[in-house]
Amino acid sequence: MAFSPKTQFIRDLKDKDTVKGPFLVKFSALATGKTGKPYMNLVLMDKTGELEARIWEDAATYAGQAVRDAFVWVEGRCQLYLGRRQIVISRLDVLREDEVDPKDYIAEGTLDVDALYEQVLEYVASMKDPYYRALAEAVLRDDEDIRDRLKRAPAAKSVHHAYKGGMIEHVVSIVGTLDHLATHYGKYLDRDLLFLGGFFHDIGKLWELAYDRVTEYTMEGRLIGHLVMGVELVTKKIRELESQPGRIPGDRFPEEKTLLVKHMILAHHGKLEYGSPKEPHCLEALVVHYIDDLDSKINAIRVFTEQDQTPGRWTGLNRLHERFFFKPDWAQPEVLPTDGEST
Ligand SMILES: [Fe+2]
Ligand SMILES: [Fe+2]
């Protein structure tokens, strides 16, 4: 098959549309139906989103081909199932790498990552404590690898901000909110410590996840996890600051500040059963935990509501939250002007 230009994107697919085009396989598994007949369960993606797909006929023959990370040519039909779109595939062929343009398949956020990065640097420059600011500069401004990863990484494998640039969007959104809360609560919250919590709480995800194509956990991610990885990074950067003359006042990073920064990372999941080895033990850690949780839920529900195709005022069932969401005007499909009407 020759080069397969991508003209059909997941965001635009509607009920009863004929599907014919290339996609990236995000997930694939062979399952067994009620009658004992095997079928294939797939998630296809491109830069505009992802969609579940099914192969009902000859599923076993496709099992070895439609594997995760493969580019595939798909023919079939889009249809609504319980309010969600789904592709029923009638034909599938595996494509070679040179038959597609990988850029068409990496999910992107709608915001400008360079502008978001500039915003991060502005927040860093506004920090008052010389130790906390030096640490933020060392991690966010001076480390080329981190800068590059920060602009590319999603904030999560799925659920929230799961697209290129999602991490920096999540960080800027959180730190902006923390800035308001620091003003609101005045002396009871340390703005610089809050900011470090916003910047660093998920920084370990830059290495916990691999995100060159389909987002996956790395070996380090599976075995260590982003909380401990974040603490390790902080330890390393503080040691570097202490060994570079002139980076911090004196030659020692204060012990108490070191411990508080690490606590911000370790406590951000809020509860032991959510993976935090420590529950929040200072107001700043408590605030970062709640704002992180709030920001990820707002993003996840917003994206879910926007992508929902159920006609009318209610979404289909959101399995994570086990409820239907009201669809305000911003989530309604754009109404095209009718003939004769000018815009
Ligand atoms: Fe986290
Ligand atoms: Fe987070």
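**Helix packing and a pocket**

Modeller: The model is predicted. In it, the crossing of α5 and α6 is right-handed.

Biologist: How are α5 and α6 oriented to each other, roughly parallel or roughly antiparallel?

Modeller: The axes of helix α5 (residues 166–185) and α6 come within 9 Å and cross at roughly 160 degrees. Angles over 145 degrees count as roughly antiparallel. Therefore α5 is, relative to α6, roughly antiparallel.

Biologist: Which residues of α6 make the contact with α5?

Modeller: By class, this contact has eight nonpolar, one polar and two charged residues. From α5 come Val 171, Ile 174, Val 175, Leu 178, Asp 179 and Ala 182. From α6 come Arg 191, Leu 194, Phe 195, Gly 198 and Phe 199.

Biologist: What orientation does α6 have to α11?

Modeller: Helix α6 (residues 191–200) packs against helix α11 (residues 283–307) with the axes 9 Å apart. The angle is about 40 degrees, and angles under 35 degrees count as roughly parallel. The angle between α6 and α11 therefore makes the pair oblique.

Biologist: Which residues of α11 touch α6?

Modeller: The crossing of α6 and α11 is right-handed. On the α6 side the contact is made by Leu 193, Leu 194, Gly 197 and Gly 198. The contact residues divide into four nonpolar, two polar and one charged. On the α11 side they are Glu 284, Val 287 and Val 288.

Biologist: How many nonpolar residues are in the contact of α9 with α10?

Modeller: Helix α9 (residues 226–243) and helix α10 (residues 255–266) pack at about 160 degrees, axes 9 Å apart, which means that α9 is roughly antiparallel to α10. The contact is made by Leu 227, Gly 230, Val 231, Val 234, Thr 235 and Ile 238 of α9 and by Thr 258, Val 261, Lys 262, Ile 265 and Leu 266 of α10. Three of the contact residues are polar and one is charged, and the nonpolar ones number seven.

Biologist: Which element gives the most to the lining of the second largest pocket?

Modeller: That pocket has a volume of about 730 Å³. Among its 29 lining residues, those closest to its centre are His 269, Tyr 274, Asp 292, Asp 293 and Ser 296. Two elements give two or more residues to the lining, α7 (205–208) and α11. With eight residues, the element that gives the most is α11.

Biologist: How many residues of that lining are charged?

Modeller: The lining of the second largest pocket has eleven nonpolar residues and nine polar ones. The charged residues number nine.

Definitions and conventions
Residues are numbered from 1 along each chain as its sequence is written. Chains are lettered from A and ligands numbered from 1 in the order in which they are written. This is a predicted model: local features need pLDDT of at least 70, side-chain atom pairs count only at pLDDT 80 or more; totals for chains, interfaces and linings use all residues. Side-chain values use heavy atoms; hydrogens and water are left out. Axes are lines fitted to C-alpha atoms, for helices over the stretch in contact, and angles run from 0 to 180 degrees between N-to-C directions. Helices (H or I, at least four residues) and strands (E, at least two) are DSSP runs, numbered from the N terminus. Angles under 35 degrees count as roughly parallel, over 145 as roughly antiparallel, 65 to 115 as roughly perpendicular and the rest as oblique. A crossing is left-handed if the near helix is turned anticlockwise from the far one by less than a right angle, and right-handed if clockwise. Contact means heavy atoms within 4.5 Å. Ala, Val, Leu, Ile, Met, Phe, Trp, Tyr, Cys and Pro count as nonpolar, Asp, Glu, Lys and Arg as charged, and the others, Gly among them, as polar. On a 1 Å grid over the protein atoms alone, a cavity is a set of points where a 1.4 Å probe fits but cannot get out, and a pocket is an open set with protein on both sides within 12 Å along at least five of seven lines; lining residues have an atom within 4 Å of a point. Grid points are joined across faces, edges and corners, and a volume is the space filled by probe spheres set on the points.
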